[in-house]
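Here is a short note for a colleague opening this entry for the first time. Please keep the sequence and the view side by side while going through the points.

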Amino acid sequence: MSSPEQWTHPEPASAPAATAAKPTAEQVIAGLRATDQGDVNLVQLLTPEGERVQHPDFDIDITAEELRGLYRDMVLIRRVDREANALQRKGQLGIWVPLLGQEAAQIGAGRAMRPDDMAFPSYREHGIAWTRGIHPTDLLGIFRGTDMGSWDPVKHKFHPYTIVIGNQVLNATGYAMGQKFDGKVGDSDGEATMCFFGDGATSQGDVHEGFVWAAVYDAPLVFFCQNNQWAISEPTERQSRLPLYQRARGYGFPGIRVDGNDVLATLAVTRWALEECRQGNGPILIEAFTYRMDAHTTSDDPSRYRLSDELELWKLKDPIERVKVHLVKQQWADSSFFESIEQESEALAVELREFCVNMPDPPPERIFANVYAEGNPVLEAQRDEFLAYVEGFAGGEH
Amino acid sequence: MAAPTMNRAGSDSGDSAVQTLTISKALNMGLRAAMEANPKVLMMGEDIGKLGGVFRITDGLQKDFGEQRVLDTPLAESGIIGTAVGLAIRGYRPVCEIQFDGFIFPGFDQIVSQVAKLHYRTQGKNKLPMVIRVPFGGGIGAVEHHSESPESYFAHTAGLKVVSCSNPTDAYWMIQQAIDCDDPVLFFEPKRRYYEKAPVDTTKAPGPLFESRVLRTGTAATLVGYGPMIRVCLDAANAAAEDGTELEVIDLRTLSPLDLGPVYDSVRRTGRLVVVSEAPSESSITSEIAAKVQQECFYSLQAPVLRVTGFDTPYPPSKLEEEFLPDLDRVLHAVDRSLAW
Amino acid sequence: MPQFKQFPMPDTAEGLTEAEILTWNVKVGDAVKVNQIIVEIETAKAAVELPCPWDGVVTELLAEVGQTVNVGVPIITIDVDPTGSAAPAAPAPVAAEPATNGTSSGKIGEEMPGGRIATLVGYGPRAGAAKRRARKGSEPVAAPAAVAAAPVAAPVAAPAPVAAAPAPVAAAPAPVAQPGGYVPLAKPPVRKLAKDLGVDLYALTGSGANGVITREDVEQAVAAPVAAPVSTVDNGTRERRVAIKGVRKATAQAMVDSAFTAPHVTEFLTIDVTPMMELRARLKTSPAFRDVKVTPLTFAAKAVVLAARRTPDVNATWDAAAGEIVYKDYVHLGIAAATPRGLVVPKVRDADRMSLRELAVALDQLATTARDGKTSPADMMGGTFTITNVGVFGVDTGTPIINPGESAILALGAIRDMPWVVDGQVVPRKVCQLALSFDHRVVDGQQGSQFLADVGALLADPAMAMTY
């Protein structure tokens, strides 16, 4: 018995079905078409050429000052990203996880959040960290190997980086449920939570369980998926037959795809999604359609699995460039503004560099610090024994 | 590090402060007391609300505390643990129920990657005061996956604390102490003993959570166990006493951190130790105890530490479980071997 | 002050070991900034642009366009402090930041500068230590340079096991820990008891099942009063056990120390001592020696101190802790003596300054005092050479063990009538064997032989002493 057509081609029928076969040169080129075209449902308010466009459902009133602020955010975080990358090249960091190309997705989403909202990142959201008031030097410890996150997650309302793919989505769901149980959801003053994850993560069970729970408990949670087209070496076709935003429908809540390289669209859509959540209409899935311009981490070699033409195509959609063009066209910024931003980014880079190379190694007792809230006598005995052993080396220094 | 002895308001008259309770009822009452004491305490698990739990441990709680404090969750163990983490960060004290021991594994990732590590990862800025309750062990004639003893995986994981009650008094008090503890606690409940009764004083806790306890003194050899095996050890000791052999029995109560001081003291007197557990012996909690005792009590040992455990097979079909599980005869056989050394 | 840094060719991709300079983007004198692209190199895979690690001024291009350079070889020198004054002579070939040798764009699996292999998730594996770090209080233990406080004897190990002194006979020979052998069987509490009581389990035979040593075995091994070693008789066995303690214990330790520290060489010399015995007979009748006992040992002592002048090595000490051999201007001569307490080796101090008569007196006194067990501790210490007179027991020779702290020992054998060749005829003569054991770290074969020959010559012809 053959399967009726409507069961093998889920709505909307106009969505392109991605291929899942082993990529040949043709299929990679086919991917080229799929990966830079965001389909008709892509929400965009600022074109790659820097032109404002209208969207029937979303709009944004942005002032010159606000746009200059967004520009500054993106330039600075890109500079931080490049500087940290260079520091890794010099052996000052073990790895760096680059966000190059995803600045608009993160700054747009981050600037939509309020101080009382909570963010659960994966491990690439240096731009969100920036918007939560975390100084870039606080990002270095993880990659330097001196700690697992230097910032205070409670104070900044920004969870530590979660390296196990997808775990944070469930944690965010629970937190959002807590906001609801606390009665903080129901009007415009309500709180909301955002969790961040990539296209690869949408295959993990925890993400699907998160969708289930958030839906069942009406959690005020925005699922923010940065689809940067690649999960290390695997394209999004390997994760889904459908565009990712369409998954939300299966769980009973709205899913929306936004141009992740358009800071205005991302800001507008995220504001809308957060407002929905505050009102108690959550959860919402946002798929920010963007591109990972650099490698997965610093030792990854993208030339092994993707064509350089792809990169060239996405360079034309650069998130910062389109804002700069728009600022110039609107005469909202002059050369002295751009120069001051350049100087600021240079100073930030120097600061980052100097901080990094001077980071001291933690002492051996740090191994044992804060494993438990209430201590553990067996562990403490082990620690004491180890420290006595360390003391026993001639020459004193470890 | 000892928690202060807890005194909870019981009833006014001295007599009715002591009630004869099953472990199941004692847990239920302990959970209720914890919910009353702190509005941030939440229960979450499959079928724990309307149904009151498949073992009725949470019976009546949703009716009295509402659906926002006693959650019937979706069927997703990773979700139960993962959302509990978020709730704990938010300031709640979640008490998760995993319906059966064999189903904890979908949640194992969240337990090991997040629950165990967040306090360390954030150097104390995130605390996870949550409890994960797990009915465990065999002897109930069940189909697969309902008779497991997975406690060793969690005792092996730094950042977690692991306890197991063996009797109604400990059930009533330890569950409250675990909920009060600011560290995440795996709370293993001996399901085959849920319906065994004993008197419980609900006004005074017998002692802190992370301490082992000598239940019976003796001189010939020391028996150490936890959870469902304590009954077996006590029965074995009674049988041995009829033959004039007095065995000392110690209930570990806490599996991580282990409180072995009383065990060392006992072994230094008896010189012989038999450790009893349903879990397979390979690389287990009983292995840990044997290793520590031989190190701390080396010169006192008249015989090597012997272990009476489940076998290193998957748990067998229920018709065979009586052969699989340590029983009185196997324990006493080990005691005989120890004495003969 | 100008500060020069050199940037070495980095490892860029797939474990390549070299790359070719394609183009220089800078020239000498250019100012450069961090991350500025300064050169394009070609690897087998692709052209790669290299960013500059430092701010500064280019002072030297060390490779030419088209030149192939090995990874790690410097390609450019940059002055990172160009506003400073006079330049130092040579640039410092060291990278700026602590843990780096320039840039590394190491991909997965590639070796990076510093030797670590790049990995997706961190610094990558690092080789572990190949040498042990020094611990506090771990100075090497000094070799015994001085004689220990307890009396030490250097008995001759004769071919057959012999208890040389009339001491209580030990029971079955004490087993010594053999490398590769099995640990004695005993339960932990019995081990603790043995340890606390100083009982060596290796010396016991277990009376428990399968040879396990029992508590009773240990207790019996020590059930002796402190004054003298007491033997106990095992119930039902034909063995007698004597606790190891006191002189025997100390002697045994000294023997082990010496035998397993100093490389022993023993040389033998058989001599005709008839002239010496004739001299002895003459001395007996001389007034100066009338009330003095002159024995072959006396002559041997004299011969030794004379010969030691010519071969001072035999009188020296190997001081391992100080890393020196100590040559002494004196000879404190030790004489092995059998006493009721066991073997002791009292010393005749400054024996080299004594005349034959003085030596005879000293040796006689020494023997008497030792037999009475009254040798003072001072006389037990500080020896530089030992003579062991096995001849008194009628034994010909042996391979004596050097006293710890000394470098040689002479065994004097019994003097017998033996056939000897004199002027082509075989005649009975008084013949004696000498055995010299020496420490080959201090004494070479030539010196040892020289010394032994000299001693032998003096004993064979005492008139030779005139030539010293």
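1. Start with a pair inside chain A. A:D294 and A:R82 form a salt bridge, with 2.9 Å between the closest N and O atoms. A:D294 sits in the loop between β7 (284–289) and α12 (308–315) of chain A, while A:R82 belongs to helix α3 (residues 64–89), so the pair ties together parts that are 212 residues apart in sequence. Keep in mind throughout that this is a predicted model.

2. Next, a pair between chains. A:E391 forms a salt bridge with C:K136, and the closest N and O atoms are 4.0 Å apart. A:E391 lies in helix α15 of chain A, and C:K136 in the loop between β8 (74–79) and β9 (156–157) of chain C, so this pair joins two chains. A:E391 counts as exposed, at 51% relative accessibility. C:K136 counts as partly exposed, at 48%.

3. Chain C has a salt bridge of its own to look at. C:R441 pairs with C:D439, the closest N and O atoms being 2.9 Å apart. C:D439 is buried, at 2% relative accessibility. C:R441 is partly exposed, with a relative accessible area of 27%. Back in chain A, salt bridges with shared partners join A:R79, A:E83, A:E346 and A:R353 into one network. Over all chains, the structure holds 47 salt bridges. In general, side chains of opposite charge can pair when their charged atoms come close.

4. Now chain A as a whole. Chain A has 15 helices and seven strands. It has 398 residues, and 58% of them count as buried. Take the contacts in chain A with a separation of 6 or more: residues 24 or more positions apart account for 75% of them.

5. Helix α9 of chain A runs over residues 205–216, twelve residues in total. The buried residues of α9(A) are A:D206, A:V207, A:E209, A:G210, A:F211, A:W213, A:A214 and A:A215. After α9(A) comes A:D218, with a positive phi near 50°.

6. Turn to the interface of chain A and chain B. How much area do the two chains bury between them? The figure is about 3,700 Å², with 57% of it on carbon and sulfur atoms. In chain A, the residues that lose the most area to chain B are A:F181, A:W213 and A:E374, together 18% of what that side buries. The contact takes 43 residues from chain A and 47 residues from chain B.

7. The interface also has polar links. The rule finds three salt bridges across the interface of chain A and chain B. B:R90 and A:E191 meet through their side chains in a salt bridge of 2.8 Å, N to O. Across the interface, 25 residue pairs are in polar contact. On the side of chain A that touches chain B, the elements giving two or more residues are α7 (153–156), α8 (167–181), α9 and α15 (377–391). Of these, α8(A) gives the most, with ten residues.

8. Finally, check B:D183. Where in chain B is B:D183 placed? B:D183 is in the loop between α7 (168–180) and β7 (185–190) of chain B. B:D183 is buried, with a relative accessible area of 1%. A polar atom of its side chain lies 2.5 Å from the backbone nitrogen of A:A373. The side chain of B:D183 also makes a polar contact with the side chain of B:K161, at 2.9 Å. Beyond its neighbours within four places in sequence, B:D183 is in contact with A:Y372, A:A373, A:E374, A:G375, B:L128, B:P129, B:M130 and B:K161.

How values were computed. Residues numbered from 1 in each chain as written. Chains lettered and ligands numbered in written order. Predicted model: local features only at pLDDT ≥ 70, side-chain atom pairs only at ≥ 80, totals over all residues. Heavy atoms only, no water. Helix = DSSP H or I, 4+ residues; strand = E, 2+ residues; numbered from the N terminus. Buried < 20%, exposed > 50% of the residue type's maximum accessible area, 1.4 Å probe, protein only. Contact = heavy atoms within 4.5 Å. Expected span 1.5 Å × (residues − 1). Buried area = accessible area lost by both parts, 1.4 Å probe. Polar contact = N/O pair within 3.5 Å; in protein donor to acceptor, adjacent residues only side chain to side chain.
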